[in-house]
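Here's a protein to explore, one piece at a time. Have a look at the picture and keep it handy while you read.

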Amino acid sequence: MGSAIGFIGAGNLAEALIRGLRDAGVDGRQIVATNRSRRERLAYLRQAWGITTTPDKGEVSAAADVLVLAMKPADLDQAMRDLQPHITDRHLVISLLAGVRCASVERYMGERPTPVIRAMPNLSAAVLASTTALAYGRHASPERRTVARALFDRVGDTVEVSEDVMDAVTAVAGSGPAYVYLFMEALIEAGVQAGLPAEAARDLAIQTVFGAAKLVKETAADPADLRRRVTSPGGTTNAALTVLEARGFKLAIADAVRQAIRRAKELGR
Ligand SMILES: NC(=O)c1ccc[n+]([C@@H]2O[C@H](COP(=O)([O-])OP(=O)(O)OC[C@H]3O[C@@H](n4cnc5c(N)ncnc54)[C@H](OP(=O)(O)O)[C@@H]3O)[C@@H](O)[C@H]2O)c1
C-alpha cells in the first residue's frame, strides 16, 4: 500500500476494515486510528491489530494521506471541524457515512479542491468478503480513484456507482449483512424448536447460508432459477416457501430496503 491510512472513528466498521487490511498483508504501521473519547477502545485496537492510534486528529493527518471518515453521520460536523484545519493537498478523504453526499463533506474544505470519495463497504470486510460501492466527488482525479479502489479491493470486491444510487447500495449491501443475520437467527431458533441441539442448528444454518451464497456466486446462476430447481411440486421446500410467500417474505424485504433508503436520506440531511 503506497500511503498510510488514517481512520477518523474507530467503531465497528473501522475495525472490520482494519482487520481485513491487516489480514490482506497491510503493515500495522501503515494504519492509524483515532476516535472521539474512548481511549480504551484505541488501546484495544492497537493491541488486537498492531496499528498505531492517537487521540489527536492532527497526528492522524500528518501520518496518513488517506483519511477514512468512520463516525456516525450525526458526528460528522464536530469531526470535520476538528479535522479540516489539518487537511492539505496530499490528502484523499474517503467517507463511509450512510446518506452523506460527497458535496456535504467537500463543503467543510471551502474553496480547497480536496478529493472526496464516498465508499459503502460492509462488515464482511473483516473476512475479505465485503462488497464496496464507490462514488466519486467532483475533485476525485483518476489517480485518487485508483487509490480508493485498491484499498477496498484488498478487503473484497468493488463496484463504481453514481452517487444517486448510494442510498440504495447502503440499504441493500451496507445494512444487508444484518438482514442475513436475522434470517440465520430465525433459522437457528426454528431448528432448536424442532429438536436440534443448538450447536447443530447453528452449524447447519451457517453452512446453508454460506453454501447457498457460494453456489450463486460461483455458477453466476439467477437465485430465482436455483430456488425453482430445489422446489419440487408437493415437496418439503415447496411447503415451506408457500408459508414464506403467504407471510409476505419478499414484501417485507422490499419494505425494509425502502425504509433503510428513507433513513439514509434523513441521516444525510
Ligand atoms: N456498521 C456497518 O455495518 C456499516 C456499514 C456501512 C457503513 N457504515 C457507516 O460507517 C459509519 C460508522 O459506523 P459504525 O457502526 O462503525 O459506528 P460506531 O461503531 O458507533 O463507531 C463510531 C466511531 O466514531 C467515533 N467518533 C464519533 N465522533 C467522533 C469525532 N468527533 N471525532 C472522531 N471520532 C468520532 C466514535 O468514537 P467514540 O467511541 O470515542 O465515541 C467511534 O469510534 C457510520 O457513518 C455508518 O453509516 C456502517
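## Two helices side by side

Let's start with a pair of helices in this predicted model. Helix H7 covers residues 166–174 and helix H8 covers residues 176–193. Angles under 35 degrees count as roughly parallel, so H7 and H8 are roughly parallel to each other.

Who does the touching? On the H7 side you'll find Ala171, Val172, Ala173 and Gly174, while H8 brings in Gly176, Pro177 and Tyr179. Sorted by class, this contact has five nonpolar residues, two polar ones and no charged ones.

## The whole protein

Now zoom out. The protein has 269 residues, and 39% of them count as buried. It contains twelve helices and eight strands. Along its principal axes, the C-alpha trace spans about 65 × 40 × 30 Å.

How much of the contact list comes from residues 24 or more positions apart? Looking at contacts with a separation of 6 or more, such pairs account for 65%.

## Nonpolar cores

In soluble globular proteins, nonpolar side chains tend to be buried together. Here, the largest nonpolar core has 30 residues. Phe7, Leu21, Ile94, Leu96, Ile117 and Phe152 have the most contacts inside this core. Helix H1 (residues 12–23) gives the most to it, with four residues. Apart from this core lies another one of 20 residues, and among them are Ile8, Val32, Leu76 and Leu83.

Leaving out residues up to four places away in sequence, isoleucine 94 touches Val66, Leu67, Val68, Leu69, Ile117, Ala119, Ala148, Leu151 and Phe152.

Leucine 83 lies in helix H4 (residues 76–83). Its relative accessible area is 0%, so leucine 83 is buried. Beyond the residues up to four places away in sequence, leucine 83 touches Ile8, Lys57, Ser61, Leu67 and Leu69.

## A pair of threonines

Is threonine 34 buried or exposed? Its relative accessibility is 0%, so threonine 34 counts as buried. Threonine 34 belongs to strand S2 (residues 31–34), and its side chain reaches the backbone oxygen of threonine 54 at 2.6 Å. Skipping residues up to four places away in sequence, the contacts of threonine 34 include Phe7, Ile8, Leu42, Thr54 and Val60.

Threonine 54 sits in the loop between strand S3 (52–53) and helix H3 (57–63). With a relative accessible area of 4%, threonine 54 is buried. Its contacts, not counting residues up to four places away in sequence, are Val32, Ala33, Thr34, Leu42, Glu59 and Val60.

## Two positive phi angles

Most residues other than glycine have a negative phi. Leucine 128 has a positive phi of about 60° although it is not a glycine. You'll find leucine 128 in the loop between strand S6 (116–120) and strand S7 (130–136). Leucine 128 is partly exposed, with a relative accessible area of 36%.

Alanine 220 also has a positive phi, near 55°. Its place is in the loop between helix H9 (198–219) and helix H10 (223–229). With a relative accessible area of 69%, alanine 220 is exposed.

Key
Residues are numbered from 1 along each chain as its sequence is written. This is a predicted model: local features need pLDDT of at least 70, side-chain atom pairs count only at pLDDT 80 or more; totals for chains, interfaces and linings use all residues. Side-chain values use heavy atoms; hydrogens and water are left out. Buried means under 20% relative accessible area, exposed over 50%, partly exposed in between (1.4 Å probe, protein chains only). A polar contact is a pair of N or O atoms within 3.5 Å; within protein, one must be able to donate a hydrogen and the other to accept it, and residues adjacent in sequence count only if both atoms are side-chain atoms. Contact means heavy atoms within 4.5 Å. Axes are lines fitted to C-alpha atoms, for helices over the stretch in contact, and angles run from 0 to 180 degrees between N-to-C directions. Angles under 35 degrees count as roughly parallel, over 145 as roughly antiparallel, 65 to 115 as roughly perpendicular and the rest as oblique. Ala, Val, Leu, Ile, Met, Phe, Trp, Tyr, Cys and Pro count as nonpolar, Asp, Glu, Lys and Arg as charged, and the others, Gly among them, as polar. A nonpolar core is a set of buried Ala, Val, Leu, Ile, Met, Phe, Trp, Tyr and Cys residues joined through side-chain atoms within 4.5 Å.
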